[in-house]
Number of protein chains: 2
Amino acid sequence: MSLNAKGWETQAARCREILEQSIPKSYLLSADRLPPVSQTRVIDLPNESGNLSERELLITESTAAGLVAKMRSETWTAEEVMRAFLKRATMGQQLLNFATEFLEESALAQAKRLDEVFKETGEIVGPLHGVPISVKEHIGIKGRVCHGGFVSWCDHISPDDAYVIQFLQNSGAIVHVRTNEPQTLMHVDSANNITGRTLNPFNLNLSPGGSSGGEGASISFGCSPLGIGSDIGGSIRLPAAFNGVYGLRPTASRLPLAGLQAAGPGQESIHPVVGPLARSVEDLELFMKSILDQQPWQKDSSLTPVPWRSVDAPVNLTIGILKDDGVVRPHPPITRAIKIAEEKLLAAGVNVVQWEPFEHKEIYELGNAFFGADGFRHAREALAASGEPVLPLTEVAFSWGEEITVYSNWDLNYTREIFRAHYYGLMKLLGVDLILSPTYVGVVPEHETGTYIGYTSVWNVLDHPAVVIPTGLQVDQSLDTEDKSYAPRSELDAAEHTKYSPEKLKDAPICLQLIGQRFGDEELLSAAKFVEKIIVSS
Amino acid sequence: MSLNAKGWETQAARCREILEQSIPKSYLLSADRLPPVSQTRVIDLPNESGNLSERELLITESTAAGLVAKMRSETWTAEEVMRAFLKRATMGQQLLNFATEFLEESALAQAKRLDEVFKETGEIVGPLHGVPISVKEHIGIKGRVCHGGFVSWCDHISPDDAYVIQFLQNSGAIVHVRTNEPQTLMHVDSANNITGRTLNPFNLNLSPGGSSGGEGASISFGCSPLGIGSDIGGSIRLPAAFNGVYGLRPTASRLPLAGLQAAGPGQESIHPVVGPLARSVEDLELFMKSILDQQPWQKDSSLTPVPWRSVDAPVNLTIGILKDDGVVRPHPPITRAIKIAEEKLLAAGVNVVQWEPFEHKEIYELGNAFFGADGFRHAREALAASGEPVLPLTEVAFSWGEEITVYSNWDLNYTREIFRAHYYGLMKLLGVDLILSPTYVGVVPEHETGTYIGYTSVWNVLDHPAVVIPTGLQVDQSLDTEDKSYAPRSELDAAEHTKYSPEKLKDAPICLQLIGQRFGDEELLSAAKFVEKIIVSS
């Protein structure tokens, strides 16, 4: 509280200056090569604008696995791959403001080194050889600011690379850009008082989601083939869904958290996780396998020593279909997408059962209570330390819970364990291998309007792995008309219902969420490949 | 608070009546066959009193593995094994008051069934075929009272067998007796207002330890070859050490906790564990392997899916010797035992380094803060619900911590993670595979005097597995004289120092503690066998 408004603005400006300075100047497009401000859809610009060469387009539309194959076959060098992504990311930054910092110099240096090693040895250095990765800002990088969305932390310098980055670098990955996140890391959106607001490439008026919103935009626009996000209530999956890409919330304690900055790191009733966003399920697998094959638990003793397992394609899969969580009814495009998916799965001979939302309201509320168990005092202090304005979605997050006693927290922890045991038992009893569900009540909210996280946060509370996959469908005004049967169940339900307006969602991609069993990340991704093939088929 | 003193006494009496009724009457010894009340050492009585036949003695002095081998070879039947242990346990109960309930009828019925199956199939049903096990009372058994040391819970009936019992039963084990524990489960002793005080077979005036004190006495006296205890600050290891037997505190989340009763089950800053007490390291291994080979995480999704691994005998082991935790100086017999162990290890060519007590005071205090984070309100409420008198050691436990906010609890959790990372890193840096340490400041305290748990609780805070092994040494008044160099470091240190009086500890067995790395339970037990062989050699 000791600093006045000018104080926080100065702090934020210094941090913003880091971003400005870091943007690769050689790739900056002049205003005349950018679309008119009236154009809200920019996702097709890399292809249509002529700003990228055919070769640059080929590179930047590859998956991570595809890039590695092409570098191994000497079709592309790591350096040209990196330059192509830096170029596309610079364009992305001009349109979407998705970055907090570019690492052009170190990225190019590392790419050149990899090319030299490859030239000398004829071998790639690892399964992510030369793959550019974008990294959510609060995942620290040695010697660089790590603010976690708080102006007051703009002077925090990471003493080391976060462990997750170290493992990816060991595999050959190269961080070329750091990505934006909201104030407090607790919005379903990505705006802060430091580098501002990130936009959605499908429609600049729509939210990129949050808190890994910069990652969602990055992967979607092709600024990076692979990225690292984090998720405590949906923060990987919501941006993945809103930007039409893939995202995995792994089981907790498999990937290392050391080196992340967030308010109240000792909160353990819902464990945060890091995880990948990508352009294919295979790349999510590649990310997980690359790290877990290095036995990260040997470096970070807080992890569980569970290796990544190769699993066969699923046979006799039984999928539970969750159409509505009983709290907030999904919007028409989501309902349509689930119905189509269900029909295709049935037609493909997959066992499909209806999945009732077992205690979802209670589990969702439990999650909110955990988030706020300290009265959000850690976050409030980090805000007050600079005096920066508290953003509206921060106030929304602060309304999710209120300070409770340790006594109550223990009781809620116990309740959570009971829910976990019940949910696990129910899936087992009904023979359900995975659950197909909305990721969010709608396809994508407008900026500042996303608030309900129940479709994702219940899986954080229960600690089930969950993956977001695009369905291949888009919002269609003629099909996704108002739901005439709707009758509000609650104020919350009614409020979410009114947010739907199909005309604002033209051509927005529809994603769905697949949920597996705790520590069944391998089976989940294997099943996701199988299910995706069926769902996207025509 | 609504019940008067008479109310709680009635509740307790009903529960005590269950014990009285359950004692196998046919094995009860008349007063003239029991030692005179002046005799305090009773550990040798099974051998010397003539109350047990040679065959009964052979049976009841076998390890679990030895019993199974003899049943497999048709030398003994499960029924006669069970009868021998019931007989010895009845004698143990008359002398030590270690039990809360005998399960004679069901135990004999199960033993007979196993004999039939074996007769029919020629195969044992599992690795614990016919092994009698004693079980700490708060580990629930279907249809039976589970009070956890609280009078007010004397009407709590377990709906099912605790999972850990189910897995042991699947392996062929048979529960024949349930064992005593202190009020609140938080004493370094085992007395409550229900079934009273358990005594130590080496000296009835000494404590059997706690909170698994009934188990310690049970295994030591030969009432059972194998038992299940639980440990959140030393509750398996202290009774093991005080009664001269083996006890393992496994890494958390490997063995299932479902079906246990304790105050404040949602406390998660230090995870409680269940684990074995036994008469050999091999039996501790057998216990762990029997359960983990059944993949308990398939039944209890809160567990980590880490199978039991077969590991080779250690080579090039480096052992850190912790002689003093820097908080409370160990008593002379412990110091002597560690010194002798160190010399023997060196003579055997083992790498030995001195281990400095890295932040032990802070870690110990952190543990106490976690125990009391709810202001002990869960425990206080369970006491108040019956109005039973609060025992002195309960008051001591209540002084360990005071109510803190969730805000502070988060900060302490984070501090704990830092300590864990530091400690793990330090062991790795120094190449130390395991640490040899006291289990307790002394060999064994008198009743009601054991209070300092720092030598055990730090490993709960850090979540390292730890095993107690007897050294083969006993207290020797002529050798274990007062430490003339002693100068008190603190009030706590001085208070613990004055508790030492060697004349009261005549012939008490001296145990030590070996500590491994998180999830390195297998390596720890493998090393414990190796180390024990060296230490007990002459």
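Me: Happy to start with terms: helices and strands here are DSSP runs, numbered from the N terminus. In this predicted model, between which strands of chain A does the loop with His187(A) lie?

Reply: Good place to begin. The loop that holds His187(A) has a strand on either side. Those strands are E3 (174–179) and E4 (191–192) of chain A.

Me: Is His187(A) buried or exposed?

Reply: Buried means under 20% relative accessible area. His187(A) falls under that cut-off, so the residue counts as buried, with a relative accessibility of 3%.

Me: Which side chain makes a polar contact with the side chain of His187(A)?

Reply: Let's look at the surroundings. His187(A) touches several residues beyond four places away in sequence, among them Pro182(A), Gly210(A) and Leu391(A). Its side chain also reaches the backbone oxygen of Gln183(A) at 3.1 Å. The side-chain partner, at 2.7 Å, is Thr394(A).

Me: Now to the interface: how much area is buried between chain A and chain B?

Reply: Chain A brings 38 residues to the contact, and chain B brings 38 residues. Carbon and sulfur atoms give 57% of the buried area, which is about 3,300 Å².

Me: Which helix gives the most to the side of chain A that touches chain B?

Reply: The rule finds 18 residue pairs in polar contact across this interface. On chain A, helices H12 (360–371), H13 (377–384) and H15 (406–429) each supply at least two residues of the side touching chain B. With 12 residues, the one that gives the most is H15(A).

Me: And which residue of chain B meets Arg416(A) in a salt bridge?

Reply: The count between the two chains is two salt bridges. In one of them, Arg416(A) pairs through its side chain at 2.4 Å, N to O, with Glu268(B).

Conventions:
Residues are numbered from 1 along each chain as its sequence is written. Chains are lettered from A and ligands numbered from 1 in the order in which they are written. This is a predicted model: local features need pLDDT of at least 70, side-chain atom pairs count only at pLDDT 80 or more; totals for chains, interfaces and linings use all residues. Side-chain values use heavy atoms; hydrogens and water are left out. Contact means heavy atoms within 4.5 Å. Buried area is the accessible area (1.4 Å probe) that two parts lose on being put together, summed over both. A salt bridge is a side-chain nitrogen of Lys or Arg within 4 Å of a carboxyl oxygen of Asp or Glu. A polar contact is a pair of N or O atoms within 3.5 Å; within protein, one must be able to donate a hydrogen and the other to accept it, and residues adjacent in sequence count only if both atoms are side-chain atoms. Helices (H or I, at least four residues) and strands (E, at least two) are DSSP runs, numbered from the N terminus. Buried means under 20% relative accessible area, exposed over 50%, partly exposed in between (1.4 Å probe, protein chains only).
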